[in-house]
Amino acid sequence: MTNEPVPAKHPKPDTEPDTEPDTEADTEADLRWLNECIELSRRCPRSFTAYAVGSLIVSADGDVLATGYSRETTPHDHAEEAALAKLSPGDPRLATATIYTSLEPCTTRASRPRTCTTLILAAGIPRVVFAWQEPTLFADCTGTETLEAAGVRVTRFPELTAAAREVNAHLFKK
Ligand SMILES: [Zn+2]
């Protein structure tokens, strides 16, 4: 056993892209924020034609920059859209922020021209964390693929799928 790779003892220079897996501390914070998204989704006015979703935008320093939930101010609001609408598009904190959402960001919507995936890319947010992969109930969703193709880091926590979906249980009782 002499050929084992020796772990690097020095932190990587800042110029290298971050390709390390999330640390345990990151995971804990991610799960905490995602649980807050799920709590937020309980506030959504009930709909039988759209999901109840909660979203948080969190700065690199761990400050909540904005929150949003489905139908927060009008019947067509999506959670990520509602959260992004509370920040100026040029807010420099967006460039290092993470957007958390209980459901995968949409790539198809009937009500408005810009999907949440488009809005997240336009805002320049480099990281997306979500719980529930969008089912094909209302539309096909390729949020993860589209975001990753654009260079966004996407992390999914399937262990929170059941909790995110449970808030929407009424949609599946037909
Ligand atoms: Zn959406």
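A residue is called buried if 20 or more other C-beta atoms lie within 10 Å of its own, exposed if 12 or fewer do, and partly exposed in between, with the C-beta atoms placed from the backbone. This is a predicted model, in which local features need pLDDT of at least 70 and side-chain atom pairs count only at pLDDT 80 or more, while totals for chains, interfaces and linings use all residues. Residues are numbered from 1 along each chain as its sequence is written.

Helices (H or I, at least four residues) and strands (E, at least two) are DSSP runs, numbered from the N terminus. In strand β4 (residues 127-132), five of the six residues are buried, so the strand is largely enclosed by the rest of the structure.

Two strands pair if DSSP finds at least two bridges between them. Strand β3 (residues 98-103) runs parallel to β4 and is joined to it by five bridges, with T98 standing opposite R127 of β4. Between β3 and β4 the chain passes through helix α3 (residues 116-123) in a right-handed β-α-β crossover, where right-handed says that, with the strands pointing away from the viewer, the path from the first strand over the helix to the second runs clockwise. Strand β5 (residues 153-156) is also parallel to β4, through four bridges, and R153 is the bridge partner of R127 there.

In helix α3, the residues C116, T117, L119, I120 and A123 are buried. They lie on the same side of α3 because they cover an arc of only 165° around the axis, an arc taken from the directions from the helix axis to the C-beta atoms. Just after α3, G124 takes a positive phi of about 75°.
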